[in-house]
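Please look over the model shown here.

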Amino acid sequence: MRVPVSITINGRQYSRDVEPRLLLVHLIRDVLGLTGTKVGCDTSQCGSCTVLIDGVAAKSCTCLAVQADGLSVTTIEGLAGDDGLHPLQESFWNKHGLQCGYCTPGMIMASHELLRCNPDPSDDEIRHGLEGNFCRCTGYQNIVRAVRDAAGSATGGAQ
Amino acid sequence: MSASTFGSGIRRREDPRLITGTATYTDDIVLPGMLHAAMLRSPFAHARIRNIDTSAAAEAPGVVAVYIGADTDGEIGPAPCAWLLPDSGLTIADYHCIAKDTARYVGDIVAVVVAESIHQTYDALDLIDVDYDMLDAVVEPKQSAAEGAPQLHAEIEGNQAFHWTVTGGGDITEAFESADVVVKETIVQQRLIPNAMEPRAALASYTKATGELTLWNTTQNPHIVRFLVSLVAGIPEDRLRVIAPEVGGGFGSKIAVYPADFITVFCSKKLGVPVKWVETRSENYQATTHGRDHVQEIELAATSDGKIVGLRATVWAGMGAYLSTAAPGIPTILHGLMLSGVYDIPAIHEDVYGLYTNTTPVEAYRGAGRPEATFMVERLVDLLATKLGMDPAEVRRRNFIPKFDDGHDVVTGLTYDSGDYDGALTKLLGEAGYDQLRAEQAEARKEGRYIGVGLSTYVEICGLGPSQVAGAIGFQGGLWESAIVRFHPSGKVNVMIGASPHGQGEETTFAQIIAGELGVSPDDVKVIHGDTENTPMGWGTYGSRTTAVGGAALALAARKIRDKAMVIAAHLLEAAVEDMEYEDGKFFVKGSPESSKTIQDIALMANVAWNMPEGVEAGLEATTFYDPPNFVFPYGAHLAKVEVDAETGSVTLQRYVAVDDCGPQINPVIVEGQVHGGIVQGIGQALWEEGVYDEDGQLLTGTMLDYAIPRADGLPDIEVHSTVTPSPHHPLGVKGIGEAGTIASTAAVYNAVIDALQPLGVSSVRMPLTPERVWRSIQAAEEDN
């Protein structure tokens, strides 16, 4: 059985017939070929698959594709728009907030959510805000610096 | 941009593709006509396979093929062990890619399904009916060595994979008999799961008409994969291309070439179409190699004034059900030879027993043998300090190898390259404010609070290593590295390297080496790696060797370029080569820098070759194969400060201060990142992580839900400092930094927790130091008192 799904991803509309069991992350990656979103686990721990659904961060492995029918999704590929990098992407780059890069798309999307809810977080708030996203390379310290840096640039320099 | 780029913390050239989601990892690749493979894995740790019925699976929708062990006869051989440890009675059990008659760990492959979609493969796996006869299992290495233990391999007595010894220096028995004090400890270096964030994957594409196969693989060492796949699957090496595209971390778990890799190759070869296999995280936990798993009985002999006179140890190392690619060298060569640590120890003896157990094979995991050695030594030194009532820093100082800058022999047979261990500790104690910390601790104790300060001083063997040594220690490969530097007519540079970084940033640091040597901007250098078709032979990225060995190869290749460019420049300036000078990308006659030729000028002339000196070949390109004369030995001193809540047993890591010496730093920001990540992995071992099997061999920590990976919370900001002691034998003086943090930090945190608990009478807690374990240890100590 297949069911129709119509979904907007990064501003473009896609209509596909999918199996009801298909996870949103697999729709994004395997059906639509947007491979920036990663799969790092099978129990919704790692956060590598984090995307924005109608502007709110969600782990796209916890959501069926059919549940996203009619919704608007932003993935890492669509974060920046046409004019260069999003401030978070710049900050991750500037602060060496990534090494192997596999967790990075999810980490950036989760950081986006963190700053949406709390535009000027303390280090402690950043650490708690990102506890649902695993990184094995960086020890998180430069990720914290990156998010703080992005918050500073978004709020006009507040540290 | 100038030579000053060497040593500056420029942004990584890798990052734009990684932060925008445009990097390509193995699982991101889709080929026309590609099929998907999934492995059926044994749910039992030890079971005879009586029968496998694949008929229903074969008929399931989308299924193209189902294979069992017998189907691979004559097609793919067993997964090889490639470290044939000499003088150890090494026994290698056949690691059939698909188990034939017996499954020996939860995760051992018993069948493979190939289908049109990944979901169809999983559906079909459920339809395979395997009739198992359960057998008794053994999971702990010391129990595996015991009489009456279940036996894994009929031809291997006592489950013993090897018995390796290291003996060095004076008479060890005499050292212990004549010692004033002896301290002893039993340590369990628990099993760890590496958890590279990218699960392992393979995509094989075989063309029957040409007999050529391309394999995309999540590997740290594509050339080794090519070599082993050619041996196991019978595809000639010249027809085999292995590509490590973007690789999402490894930490040792992507060194081995695995059964699933060979099976994917087999499936593609058999079916003549591309076949992709990607493990799930749960599969990764079951079947991608684990780390550590030692039981260590250790003792240290010393004089009453704290001078060490001998170290003796027996280690039971769990190897898992089969020997993985490099496994035998990890708990032996990379462990036992490092038992002198940073100390002058006149007599050392260690026995290491490698044991088969009904568990996932154990391999290299960040640090690989050296964290286990450092922990032993650093724990013993702390115990000695406690026994003698001395400060742990002082005991270390009394035993440090004095500062040396060109070689120091230790009794295990190694020659360390350079070091100033006291210098690192002195800097650490200053940066951390050690005396104040001790004062704070004393105050806290008066208030009934338990603050602890832990030290760990370490040296590691890195930059593996001289190939002659590799041969002598049974490593079935070389350990040199290679680099090609190619100038294009426009002055832009491609660097092709044999090593295969996967997150460590060498696309940037190697561009900085070229910038430093040849005066071009790092932006004009593209570093190419990971594809056996367009890179020279290399032996991979592990053992903190890529910069230490590959970086040396690159620097020497760059110097060859410089030498040739000098000859061409002299010709163009109508001068003798002896009269020429080079500075910062420019070649000129001594005293006349205003009239110079840039490296870009020379690159253009060499490529068009209109006016070359007599006898000089066209082109500006150089290749170097660099075999290091010795290993490199980075070192450092780390300090952890913790507070333990005696009511709950919970440990709060309050401060972590590190001083590391990896020689001159090509990019200090990248060095710092390596230190951060390494330290946190070691903290994970001390406080949180453990791969747990029950007594039947079921993996209880089978998902990320059950295995405690360090998270962003619960960690302090790490304070990173360094000293700089060049390696005397490396062209750039650099050592290595990838593993340092992990090697040091487990012992530092552990020592801090035990230091905190000293007033409560606790001297030992099994890792990880979870609140429950700490609390129980406190209760037990109270009962004893």
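Predicted model: local features only at pLDDT ≥ 70, side-chain atom pairs only at ≥ 80, totals over all residues.

## Helix 2 against helix 3 in chain A

Helix 2 of chain A covers residues 87-94, and helix 3 of chain A covers residues 104-117. Their axes come within 10 Å and cross at roughly 125°. That angle makes helix 2 of chain A oblique to helix 3 of chain A. The crossing is right-handed.

## Where the chains touch

How many residues does each chain bring to the contact? Chain A gives 44 residues and chain B gives 44 residues. On the side of chain A that touches chain B, helix 2, helix 3, helix 4 (123-129) and helix 5 (141-154) each supply at least two residues. The residues of that side divide into 19 nonpolar, 19 polar and six charged.

## Cys137(A)

Cys137(A) sits in the loop between helix 4 and helix 5 of chain A. Is Cys137(A) buried or exposed? Cys137(A) is buried, because 29 other C-beta atoms lie within 10 Å, and the cut-off for burial is 20 or more.

Leaving out residues up to four places away in sequence, Cys137(A) touches residues of both chains. From chain A come Gln99(A) and Cys100(A). From chain B come Gly249(B), Gly503(B) and Gly677(B). Asp42(A) is 95 residues from Cys137(A) along the chain, and their C-alpha atoms are separated by 20 Å.

## Helix 15 against helix 16 in chain B

Helix 15 of chain B spans residues 506-518, and helix 16 of chain B spans residues 546-572. The two axes come within 9 Å and cross at roughly 35°. This crossing is right-handed.

On the helix 15 side of chain B, the contact residues are Glu506(B), Thr509(B), Phe510(B), Ile513(B), Ile514(B), Glu517(B) and Leu518(B). Their partners in helix 16 of chain B include Thr546(B), Gly551(B), Leu554(B), Ala558(B) and Arg562(B). By type, the residues of the contact divide into eight nonpolar, four polar and four charged.

## Helix 11 against helix 12 in chain B

Helix 11 (residues 392-399) of chain B and helix 12 (residues 421-432) of chain B have axes that come within 10 Å. They cross at roughly 160°. Helix 11 of chain B is therefore roughly antiparallel to helix 12 of chain B. The crossing is left-handed.

Ala393(B), Arg396(B) and Arg397(B) of helix 11 of chain B make the contact with Asp422(B), Leu425(B) and Leu429(B) of helix 12 of chain B. These residues divide into three nonpolar, no polar and three charged.

Arg370(B) belongs to helix 10 (residues 370-388) of chain B. Arg370(B) counts as buried, because 27 C-beta neighbours lie inside 10 Å. Not counting residues up to four places away in sequence, Arg370(B) touches Leu334(B), His335(B), Met338(B), Glu460(B), Ile461(B), Glu739(B) and Ile743(B). Ile224(B) is 146 residues from Arg370(B) along the chain, with 23 Å between their C-alpha atoms.

Helix 18 of chain B runs over residues 668-687 and has 20 residues. From its first C-alpha to its last, helix 18 of chain B reaches 28 Å, close to the 28 Å expected at 1.5 Å a residue. Helix 18 of chain B is mostly covered, with 18 of its 20 residues buried.

Terms used: Residues numbered from 1 in each chain as written. Chains lettered and ligands numbered in written order. Axes fitted to C-alpha atoms, helices over the stretch in contact; angles between N-to-C directions. Helix = DSSP H or I, 4+ residues; strand = E, 2+ residues; numbered from the N terminus. Parallel < 35°, antiparallel > 145°, perpendicular 65-115°, else oblique. Left-handed = near helix turned anticlockwise from the far one by under 90°. Expected span 1.5 Å × (residues − 1). Buried ≥ 20, exposed ≤ 12 C-beta atoms within 10 Å, placed from the backbone. Contact = placed C-beta atoms within 7 Å. Nonpolar A, V, L, I, M, F, W, Y, C, P; charged D, E, K, R; others polar.
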